[in-house]
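These are my notebook entries on a two-chain model. I set down each item in the order in which I looked it up.

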Amino acid sequence: MKNFITEKKGILSWLFTLDHKRIGIMYLVSIFAAFALGGFAALILRFELLSPDKILLTAKQYNQMFTLHGAVMVFLFIVPSIPATLGNFFLPLQLGANDVAFPRLNLASYHIYLLGALFCVASIILGSVDTGWTFYTPYSTSTDTAVIMMVTGVFILGFSSILTGVNFISTIHYLRAPGMTWFRMPLFVWSLYATSIIQVLATPVLAITLVLLMIERVWGIGIFDPAIGGDPVLFQHFFWFYSHPAVYIMILPAMGIMNEVVTTFCRKNIFGYAAIAYSSIAIAIISFLVWGHHLFTSESEVAATIFSFLTFLVAIPSGIKVFNWIATMYKGSIDLKAPFLYFLGFMFLFVIGGFTGIFLGALAIDIHLHDTYFVVAHFHYVMFGGTLYAFLSGMHYWWPKMFGRMYSEFMAKIAFWLIFIGFNMTFFVQFIMGSKGMPRRYYSYIEEFQIYHQISTVGSWLLGVGFIVMLVYLIQSLRSKEQAPDNPWGALTLEWTIPSPPQYHAFEKTPVVDKGPYEFGVEKP
Amino acid sequence: MQQIQKRKLPHYFNNAHQEFEAAKLGMWAFMAQEILFFSGLFVAYGVFRYFNPEMFIYASRLLDWKLGFINTIFLIISSFTMVMSVYHIQHNNRTKSLVNLTATFFLAAVFLIIKTFEYKAKFDHGYYPGMLFSGEGAFSSLHIFFGLYFTITGLHALHIIVGMVLIAWLMVRVWNGTVSAEYFTPVEMVGLYWHFVDVVWIFLFPLLYLL
């Protein structure tokens, strides 16, 4: 029997396919490449920070390297990571549909992604940008590096993200199988719906910001550069109006995956389905009202107070989710397989990341902590400990479905522990040195911080080893001959009712849904 | 004109209605995206107007409101011809639909031509965007207004050009029979886009020329 991988042969049958599953796989390969590039930059950065003096990089090269790390990880890796890969592959399947609503638009979004990536990579050759991934003016309008190239790349990548969002919204509204009511959808779909709303409404603001930045740099119209009458704080407002909601583009689909994993590996129905679904939408809405907490030191005190309050509000829907997952685990039949280990890792790290976010949202404490390594650590606990862990969890969870092969559970556990220990070693010390006043993005530091930097760097090596182990066993699994079962975890959502890997027409007969997605208590033994 | 071509429903849809509704929602989501894109420009306008109220009043008098007004009228008429094109394709009158699309296309072209003359007149006085600015006026910050003016109207003109390409594409499709009363989704969707572009101008005209 042919599946979607063996259906057609040749590189062109992949590059111009309209099949959401193949597009998902191509995205997966691309974001792995982006992750490798960004990760490599991170390892070099950490290596340089072993000593306050020069080891490998000059100060300017160091600035270029952390910009590269940030821009690649944010725009090329983490924003598209879950929606464009696992979302593309599994959103239609979880809804019982044979494709997304606009397959050609889906392919276009992938091609646009490649084009944007090309621009970003070209900028490395043409004079790597040294502004940081935030492109703050007026430095970004005056530095001699290839800002325009990089910003054009990010602008193009934005369209890829918007088109994915548009596609998912229509798909979720109109391609649900008969009987699949809104409250019978898997919660991963709900989270992708909330994500899509943010992608569609926030990304264009980044687009216009970057267009204005380019125009300012080329013509100097006097919008962001104070020397010619512009307002740099306006840039910050514009930038964060996208970039704060963007962190919810990153974390919401991650939270969605957690629902799938916790129910399957605890063999229990989700606790508080509606609360989790609505909290996704609540996060999407509140995400648009909190950008000002990135500007506590450059906006009025009244505005800062209001934004501080609104920032605390985000903790409520996030907390609802965390408590519901714990309640789901309660008296569950827990199976500590790799995807669930990553779920536990997510819970542990995301809670730390979330709570330190509350610290930073509190005005007075933020004045002390802003622009220090504390922020760096907080961000990585949420993005790496949160999003990336959930992505890895989902990737292991759905790997047998995507490729029809099982990976080595033993090796997966080794990689998990390497990454878990390496991650905490790398980033926990950054909380400590940040609270002691080590500023972020600095090339050098005073002697008392050296021990923290060294621990952090050794941790980053463990992380690197962990990911290499993962790469090895994943490639090994693809080379193995053993066929994975259709439903290795005994999960209940629709994608597990079809063969692994799915056929090109995933559902020969349109499924009819008559119950919720996680009703473990009522299934036949 | 060629024969109407029968269209096969894509395999992932159950019926044509579902396909049409999905496309419409997708288009509205895209429109929301467009609104947010332009809202950035409107906010920038608001901020700089707040900082320089008198300069903005002075500068808006330097624009030729008569040309702006004529352009507004042309765009409103073009929205009407666009609606008529959608109406006629729905009622299977492809000829009339094509005529209306052609009219929309030419009105858009006239808009751009008038806009070019307006730009030319400003350039003649040295009112260039940004660093090239050498125009004279009662305010030293005058370049900020013209920087915004050229950016906003330029991006709007870019949307008009994209619209013209889409309308030309529709003209081909109406002619070769790949859209018809059975399947008119592309005409309706481009229509939505075109109205959006017009509405943006209807906000821009008073903000830039009159206030």
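The entries below go from conventions and overall figures to helices, the interface and the backbone.

**Conventions.** I worked from a predicted model, in which local features need pLDDT of at least 70, side-chain atom pairs count only at pLDDT 80 or more, and totals for chains, interfaces and linings use all residues. Residues are numbered from 1 along each chain as its sequence is written, and chains are lettered from A and ligands numbered from 1 in the order in which they are written.

**Chain A, overall.** I looked up the secondary structure and found 15 helices and zero strands in chain A. Helices (H or I, at least four residues) and strands (E, at least two) are DSSP runs, numbered from the N terminus. The C-alpha atoms of chain A occupy a box of roughly 70 × 45 × 45 Å along the principal axes. I then checked the radius of gyration: for 525 residues a compact globule would be near 24 Å, and the 23 Å of chain A agrees. That radius is taken over C-alpha atoms, and the globule rule is 2.2 Å times the number of residues to the power 0.38.

Of the 525 residues in chain A, 57% are buried. A residue is buried if 20 or more other C-beta atoms lie within 10 Å of its own, exposed if 12 or fewer, and partly exposed in between, with C-beta atoms placed from the backbone. Among the contacts in chain A with a separation of 6 or more, 84% are between residues 24 or more positions apart. Two residues are in contact if their C-beta atoms, placed from the backbone, lie within 7 Å.

**Chain B, overall.** I counted six helices and zero strands in chain B. Its C-alpha atoms fill a box of roughly 65 × 30 × 25 Å along the principal axes. Buried residues come to 35% of the 211 residues of chain B. For chain B, 76% of the contacts between residues at least 6 apart in sequence join residues at least 24 apart.

**Interface.** How many residues of chain A are in contact with chain B? I found 32 residues of chain A in contact with 25 residues of chain B. On the chain A side, H6 (147-174), H7 (187-219) and H8 (232-266) are the elements that give two or more residues. H7(A) supplies the largest share, 10 residues. By class, this side of chain A has 21 nonpolar, nine polar and two charged residues. Here Ala, Val, Leu, Ile, Met, Phe, Trp, Tyr, Cys and Pro count as nonpolar, Asp, Glu, Lys and Arg as charged, and the others, Gly among them, as polar.

**H8(A) and H9(A).** I next examined the packing of H8(A) with H9(A) (residues 273-286), where the angle is about 175° and the axes are 11 Å apart. Axes are lines fitted to C-alpha atoms, for helices over the stretch in contact, and angles run from 0 to 180 degrees between N-to-C directions. The pair is therefore roughly antiparallel, a term for angles over 145 degrees. H8(A) contributes A:Tyr248, A:Leu252 and A:Asn259, and H9(A) contributes A:Ile276, A:Ser280, A:Ile283 and A:Ala284. By class, the contact has five nonpolar, two polar and no charged residues.

The expected span is 1.5 Å times one less than the number of residues. Just after H14(A), A:Gly437 takes a positive phi of about 110°. H15(A), with 30 residues, reaches 44 Å from first to last C-alpha, close to the expected 44 Å. Its buried residues, including A:Tyr452, A:Leu463 and A:Met470, pack against H2 (20-48) and H14 of chain A.

**Backbone.** Most residues other than glycine have a negative phi, and most peptide bonds are trans. I noted a cis bond from A:Thr137 to A:Pro138, with omega near 0°; A:Pro138 lies in the loop between H4 (103-125) and H5 (139-142) of chain A. The bond from A:Ser500 to A:Pro501 is also cis, with omega near -15°, and A:Pro501 lies in the segment after H15(A).

Phi of A:Asp371 is near 60°; this residue lies in the loop between H12 (363-369) and H13 (373-403) of chain A. With 14 C-beta neighbours inside 10 Å, A:Asp371 counts as partly exposed. In chain B, B:Asn92 has a positive phi of about 60° and is found in the loop between H3 (65-90) and H4 (94-124).

How values were computed
Parallel < 35°, antiparallel > 145°, perpendicular 65-115°, else oblique.
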